[in-house]
Amino acid sequence: MRTAKRKAYKRWLFALSLLLAVGASVNAQMIMSKFEEDPLDQEAKLGSPRPHPNRSGELYALIKISTTLSCTDFMAPDFGTGAGMGEVECSEGRVWMYAPAGATKISIRHNVAGTVENHPLPSLKAGTVYLMTLTSGTQRNIIDETLDVGRIAIDGFVEGATLKIGDVEEIMTGKRWVKSLRPGSYTYEISAYGYETDRGRIVVKQEETISLTVNMVSSIGEVSITSTPEQGAAILIDGKMQAVKTPATISLDKGNHSVTVTKEFYKSAKQEVRVKSGEQTPLSIELTPNFAVVSVRSADDGKIFIDNNLAATGSWQDRLEAGLHTLVVEKESHRPYKKSITVAVGKDQTLEVPALEPIYGKLDVEIVGGYNAKVFVDDAEKSSITPTTVKDLLVGKHALRLMPDDPDWQVYNATVEISESKITPLKVTLTEAPRLANLIISTTPSGAGVYVNNERKGTSPLTLPNVNIDVKQISIKAVYRGYRDREMTHTLTRGDNLLNLTLEEIQLGSLKVSSNVSGATIYLNGSSVGITSYSDMQVKDLPTGAYTVRVSYPGYNDYEGTANVRQGSNTLYAHLKAKPFRRIPDPTTFIDWRVSPPTSYVGMSVGMARRWGGYAAFRASKSMFNPYPNVLDGDNEEFVIDGLHSFEETHKRLSLTGGVMLRLASWLYVYGGAGYGMYAPQYRYEVKNEDNKTIAVALATSSEASGLEVEYGAKVNLGGFTLSAGHSIIPGSDFGELHFGAGMALGKRSIASLFGGNDFSDSYIDFDRNDIHQAAGGFHLKIGGGVDDVGNPVASVGLHYNNSKAFPLNFEVGAMGAVEDINFIVLYGGMYSSLHLTEHFSIDFGGGYQWGERSSAGSLFDEDISQPYYKAGLSYMFKGSSWGGFNYSYQRGFAGKGTPIGTHLLTYTIGTKPTWGIIITGAVVGLIAWSAANSEEK
């Protein structure tokens with residue numbers, strides 16, 4: 001009983017000590033299960049990475065690792081004392097390690113899988129690829145559930161060795177391997193790559209540890225292979241082609257191996273070799289020659305083919321293996337030379353190839369039209385005249401050139417193909433040669449500007465190719481500063497035209513010009529060179545010679561003379577004489593209103609005259625544009641509705657005329673002109689109801705006179721206020737009338753007098769100098785709005801035209817209309833002038849004619865409001881390249897009956913100043929000034 005308890009106690013004590021000493025955890029380790037040379041891995045040698053030299057210039061050995069472990073967790077390998085550290089590279093999912101040549105052991109560290117310590121290696125060779133296989137092993141110290149076990153402790157094995165006990169295999173790691181086994185007898189095998197297998201038997205006893213020390217002997221040796229009499233032979237070991245050639249040292253397992261070497265021009269040789277572990281065995285294999293040296297020389301420098309392969313041209317010498325070979329020598333357009341060659345080992349031979357037989361044909365050349373030409377074949381002249389037959393031409397393609405003796409025809413170039421023993425016919429039609437010349441111009445000195453036919457072509461020396469010679473004669477001028485211009489004419493001929501122009505150097509001088517008038521313009525030979533000032537004006541660098549001098553200033557007679565400029569400084573004084581004063585009449589602009597009593601045809605005339613001038617005028621009656629239809633017959637029959645009617649006689653009148661004006665005195669002008677005129681009596685009927693409201697309107701027109709209208713008259717200018725009277729007729733009719741007008745005359749003197757200026761030159765306004773800011777000539781768009789006298793909103797849009805700055809006359813067309821209870825729409829056209837108060841402000845006044853109608857709420861008819869109108873206003877114009885501004889105007893018809901009350905308009909005008917001509921602008925800015933409540937017409 002006590003013995004059993006003691007045994008149990010010992011078992012538990014043993015288990016606890018074993019757990020503390022060995023541990024029960026799982027230790028992850030790396031295991032090298034394979035390492036061998038991989039001579040056929042050309043990808044590793046040729047691709048990336050590849051073996052590269054270390055700092056001493058010696059190539060590394062390259063170890064390609066086959067593993068599933070993470071590449072980036074590998075640390076640099078250690079190859080022991082003396083060999084040093086290597087490098088690690090990750091490429092395409094593989095692990096590569098660079099090892100120094102001669103290393104015999106390696107230590108590998110992985111951050112996760114552990115280490116391989118001092119694993120033995122065969123001596124590594126520079127520039128050689130090795131394959132290594134790594135796996136992650138697990139070492140477990142297993143403690144049986146029962147303590148009826150023994151242990152085996154193994155020392156002296158290499159890292160990663162495989163231990164086989166019975167059918168169980170384990171990877172051994174660390175410096176000592178401990179394994180628990182049940183008591184009994186076991187056979188074991190310990191094997192590792194590159195080492196001989198250690199085998200034996202052990203007896204395991206309960207609760208005892210059996211120590212086993214193994215001595216693993218390397219099984220790798222080396223063989224150093226050379227070949228004679230030449231190195232560079234391919235090596236096969238045990239039938240497997242190696243990646244190296246003789247001389248080479250190759251690591252092999254110990255034992256017998258078959259070595260075969262092969263080399264071109266030698267017979268293969270095979271030998272057996274026994275490799276001993278850890279030793280290098282030398283092996284020299286002698287090769288038996290199987291060739292002779294053959295030389296070939298061709299008299300025609302033909303192409304030499306050996307066994308259908310191009311070997312050389314002209315001559316060739318090289319080895320040929322013993323046996324039968326074919327020799328062919330070829331040359332274009334010749335028959336080939338063929339021969340069989342028997343080559344015996346060690347018997348050199350030389351073959352002389354005779355001249356190859358040429359193959360000929362003929363070419364027959366004829367020019368259509370019978371022209372003569374020299375014949376060249378491959379740049380060699382074959383005949384001096386055509387037609388001709390060229391004999392003994394080698395077969396094949398040749399370059400043909402025909403050079404006509406007439407320069408009017410182009411040289412003919414072509415490629416012809418000659419066939420064996422045949423005549424190749426060729427008929428040629430020549431092309432007319434282009435009439436071109438090459439103009440080559442040089443000057444002395446060079447660098448002069450060259451002009452051909454007054455067009456600058458460049459500077460000398462100058463070549464102008466392909467100049468058409470149809471223009472036979474050309475002019476050439478050379479210009480160079482400090483030299484006189486040189487001009488010449490030349491007649492062009494085909495080909496190169498060589499011309500040299502020698503320029504004559506000229507002397508330079510200067511000319512000082514002074515005058516009694518400062519600011520006068522100086523002209524030399526018609527070109528302006530400057531202006532005079534209070535000091536002399538000096539013109540420098542003038543070629544010596546005579547110059548025509550003119551000095552000019554407004555209000556003075558020009559000075560004209562000749563200055564002889566010599567080398568150095570020259571002076572000239574120009575005395576200008578003032579011109580006698582002659583006053584030119586000021587231009588006067590007329591604007592007046594015309595009437596023709598007793599019918600009160602109303603119109604407007606505008607014009608301008610200095611001594612002579614022109615005018616334009618129009619007159620019209622409101623009935624001219626009456627919108628009502630003619631519903632009565634021509635008998636003027638009265639009719640009565642409810643006993644109420646009214647009758648009115650009117651006249652239909654239109655006149656558009658224009659003509660000339662003549663100034664007879666400062667206060668008297670006469671005018672005459674012609675245009676279109678029309679006159680017709682018209683009768684108006686209004687039918688009213690009992691409430692005295694018009695319920696019907698009708699017109700009737702009698703025969704009318706129309707066509708050419710002639711007029712004449714006179715104007716009197718009374719200090720800016722004008723009166724006019726005239727007479728007009730329509731030839732071919734009995735129509736004639738007197739017309740009268742009143743208006744204003746706007747001229748320099750009359751405008752200046754409004755400001756009280758005695759001397760107009762001191763006045764702010766100066767039409768000649770264009771100091772007044774006025775819209776430039778052109779069209780401008782106006783849009784705006786306002787109210788009438790009873791507060792109805794009014795909208796307005798129009799097109800405005802200004803003729804010029806010097807003649808501030810404005811023309812306008814447009815439309816306006818009420819948009820509330822009292823509705824009317826008016827089209828109008830007229831003109832107005834502007835009296836400028838300042839640079840920006842002006843007073844506008846004028847008039848024209850309006851066409852339109854209006855209707856009142858509850859009314860059964862539209863009332864005609866077509867009649868002349870007058871207008872007045874105030875404008876503010878901006879200053880700058882874009883023209884525009886605001887305008888206030890009051891517009892009202894002349895007649896009282898059927899007339900809309902006066903209309904107040906505020907408009908905005910926008911446009912662009914043109915530099916010439918007329919510009920129509922498309923910019924529109926709208927502005928409604930104000931509106932008021934609806935009101936009824938009274």
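Colleague: Why is N308 called exposed?

Modeller: The model is a predicted one, and in it N308 has a relative accessible area of 67%; since a residue is called exposed when that value is over 50%, N308 falls in the exposed class. As for its place, N308 is found in the loop between β25 (303-306) and β26 (309-313).

Colleague: What makes the phi of N308 worth a remark?

Modeller: Most residues other than glycine have a negative phi, whereas the phi of N308 is near 70 degrees, a positive value in a residue that is not glycine. D378 is a further case, with a positive phi near 55 degrees, and D378 sits in the loop between β32 (373-377) and β33.

Colleague: How do you know whether D378 is buried, partly exposed or exposed?

Modeller: Its relative accessibility is 42%, and because the partly exposed class runs between the 20% limit for buried and the 50% limit for exposed, D378 counts as partly exposed.

Colleague: What makes the peptide bond between T246 and P247 a cis one?

Modeller: The omega of that bond is about -5 degrees, and the bond joining T246 and P247 is cis, although most peptide bonds are trans. P247 is found in the loop between β17 (240-245) and β18 (248-253). A cis bond also joins T386 and P387, with omega about 0 degrees, and P387 lies in the loop between β33 (380-383) and β34.

Colleague: Why is K871 counted as buried?

Modeller: K871 has 8% relative accessibility, and because buried means under 20%, K871 is placed in the buried class. The residue belongs to strand β69 (residues 867-877).

Colleague: How do you know that the side chain of K871 makes a polar contact with the side chain of E812?

Modeller: The two side chains are 3.3 Å apart at that contact, and since the cut-off for a pair of N or O atoms is 3.5 Å, the pair of K871 and E812 is listed as a polar contact. Apart from neighbours within four places in sequence, the residues in contact with K871 include E812, Y832, D844, F845, S889 and Q891.

Colleague: What shows that strand β31 has a covered face and an uncovered one?

Modeller: In a regular strand the side chains alternate between the two faces of the sheet. For β31 (residues 360-367), G361, L363, V365 and I367 form the covered face, while Y360, K362, D364 and E366 form the uncovered one.

Colleague: Why are β31 and β34 said to pair, and in which sense?

Modeller: Five bridges link β31 with strand β34 (residues 388-394) in the antiparallel sense, and because at least two bridges are enough for pairing, these strands count as a pair. In this arrangement V365 stands opposite T388 of β34. β31 also runs parallel to strand β37 (residues 423-428), to which six bridges join it, and here L363 stands opposite T424.

Colleague: How many cavities of 30 Å³ or more does a search of the whole structure find?

Modeller: The search finds four, and the largest cavity holds about 90 Å³ of space. Fourteen is the number of its lining residues, written as 14, and the closest to the centre are K782, S796, E812, Y828 and T907. Among the elements that each supply at least two lining residues are β64 (793-802) and β65 (809-818), and the largest share, four residues, comes from β64.

Colleague: What makes up the lining of the largest cavity by class?

Modeller: Five nonpolar, six polar and three charged residues form this lining. Glu and Lys are counted as charged, so E812 and K782, both named among the residues closest to the centre, belong to the charged class.

Colleague: What share of the residues of the protein counts as buried?

Modeller: Of the 938 residues, 42% count as buried, which means that they have under 20% relative accessible area. The protein has three helices and 71 strands.

Methods. Residues are numbered from 1 along each chain as its sequence is written. This is a predicted model: local features need pLDDT of at least 70, side-chain atom pairs count only at pLDDT 80 or more; totals for chains, interfaces and linings use all residues. Side-chain values use heavy atoms; hydrogens and water are left out. On a 1 Å grid over the protein atoms alone, a cavity is a set of points where a 1.4 Å probe fits but cannot get out, and a pocket is an open set with protein on both sides within 12 Å along at least five of seven lines; lining residues have an atom within 4 Å of a point. Grid points are joined across faces, edges and corners, and a volume is the space filled by probe spheres set on the points. Buried means under 20% relative accessible area, exposed over 50%, partly exposed in between (1.4 Å probe, protein chains only). A polar contact is a pair of N or O atoms within 3.5 Å; within protein, one must be able to donate a hydrogen and the other to accept it, and residues adjacent in sequence count only if both atoms are side-chain atoms. Contact means heavy atoms within 4.5 Å.
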